[in-house]
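Reader: I am new to this structure and would like to learn how its features are read, one at a time. Could you take me through them slowly?

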Amino acid sequence: MSAIGHRRAHPIIGRCRALLIVAVVASSSLFGQVAVASADEWRTLPTDTPASADGSVLDRIEEIDGRQLNMYVYSAAMEKVILLEVIRPADASVPRPTLYLLNGAGGGQDSATWKAKTDVVSFFADKNVNVVTPVGGAFSYYTDWQKPDPTLGLNKWTTFLTEELPPIVDATLGTTGENAIAGLSMSGTSVLSLAQSAPSLYRAVGSYSGCAETSTQPGRDYVTFVVSARGGDVENMWGPPGDPDWVANDPVVNAEKLRGIDLYISNGTGLPGHHDTLNGPDVNGDVGVLANQVIVGGIIEAGTNQCTYRLADRLNSLGIPATFDFHPTGTHSWGYWQDDLHNSWPMIASSLGI
C-alpha cells in the first residue's frame, strides 16, 4: 500500500487511451449475462412500512437464509421497484452501520456481480455491518440522468441512493445511521461522485479501478464508451460536451467536497499479475478467457490507472488525505477487486466504528 506520492506507472501505460476505447466496447464478457433471483417471503416485515419523504417506500422483503435478504424498494424518482441484496450483520441484536456495495457496469443485472464473482458473503460472515447492494442501473454511472433514455430508461440513481434509500434501509434494518460506500470499475467512479453529492452521508469510500475524472477529454471518452456499450446515449445523461453536469459530477474537479471522508482508492497497472493465470479466479483453465482478461482487462485497467494518478495529484495538491493502493500489476478483473475489498475493509470498518 502506498501514499499519494507513489512512483508513476510503467511508461507503456501512457499510450493506451485509444486502445481503451476499443476495449470498453469489446468487454461484454467482463459484464456477463442476465441472471434471475428468487426467494421466500421474509416473515419479519416491519409493521410500519418504512418510507422516505418523497413517497419512496419499502415494497416487500424476501428471506434467502438466516443472514441474507432481498429488499424491494419503490423509488418515486425512478417510478419502479428496485431490488436490494442484503447481507445482515453477524450480530444484529444491536444497531449496526451499513456498507453500500455497488456492482460494476452491469449493475448486478448480469452474472458479473460481487456475489457471483467474489467471496463477499463468506467474507462478511463474521462482520457486524449491513451490506446493501442495489440490483439495477446497468451502464448508468449510478447518477441522475437529465432525460429518460430509450435504451437504459429512467435513471435517477443519485437521488435514490443518497435521498430515497438511506432512511428506508435505516428504518427496516435498524441501523446506526452510519454509512460507507464502495464500488468497482464504473461504480468506482460513481462512489466518489455520490460522496461528493452527499458528503455528510458517508464516513468512508472505497473506489476500486475507477476513473474519477469525467469532464476532461479522456474522462468524457471513458464515460461515453461505457454508456454506449449497451446502447445508451450519454447526452441523455449529462448533456453534450460542455454541459455543466459533466463538471458537476467530476470528483477530481470537486475534490474539496471529499475532505473529511476516509478514502481508499486502488488501481493496477494493467500488466498481468498473480490472478492472471490459467488457474486464476473465473479463468478455469480457459485460454480464451485468460486472453480476454489479460488483453481487454489490461487495457481498461491501464486507462483507469492514469485517471487514478490524476486524482491522487489533485487530492495531494489540496492536502486531502487518502489511502492510494497502486498495484505494480493487475488487470481489470474480479480477483483484484476481491483483494481490494479485503484490503480496504480495515479502514472502512474503523471509519464505521466497528
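Author: Let us begin with a term for the elements of the chain: helices (H or I, at least four residues) and strands (E, at least two) are DSSP runs, numbered from the N terminus. In this predicted model, where residues are numbered from 1 along each chain as its sequence is written, local features need pLDDT of at least 70 and side-chain atom pairs count only at pLDDT 80 or more, while totals for chains, interfaces and linings use all residues. Side-chain values use heavy atoms, with hydrogens and water left out.

Reader: In which strand does N179 have its place, and is N179 buried or exposed?

Author: The strand is β7, which covers residues 179–184. Buried means under 20% relative accessible area, exposed over 50%, and partly exposed in between, with a 1.4 Å probe and protein chains only. With a relative accessible area of 1%, N179 is buried.

Reader: With which residues is N179 in contact, leaving aside its neighbours within four places in sequence?

Author: Contact means heavy atoms within 4.5 Å. By that rule, the partners of N179 beyond those neighbours are T98, Y100, D170, L201, Y202, R203, A204 and L352. As for L201, its backbone oxygen lies 3.3 Å from a polar atom of the N179 side chain.

Reader: How many residues does helix α6 have, and what span should they have?

Author: The expected span of a helix is 1.5 Å times one less than its number of residues. Helix α6 (residues 186–197) has 12 residues and should therefore span 16 Å, and the 17 Å between its end C-alpha atoms agrees with this. Because 11 of the 12 residues of α6 are buried, this helix is largely enclosed by the rest of the structure; among the buried ones are M186, G188, V191 and L194.

Reader: How many disulfides does a search of the whole structure find, and which residues are joined?

Author: A disulfide is a pair of cysteine sulfur atoms within 2.5 Å. The search finds one, and it joins C211 to C307, with 2.0 Å from S to S. C211 lies in the loop between β8 (204–208) and α7 (217–228), and C307 in helix α10 (residues 287–318), so the pair ties together parts that are 96 residues apart in sequence. The torsion about the S-S bond of C211 and C307 is about -65°, so the disulfide is left-handed. C211 is buried at 8% relative accessible area, and C307 is buried at 0%.

How values were computed:
Polar contact = N/O pair within 3.5 Å; in protein donor to acceptor, adjacent residues only side chain to side chain.
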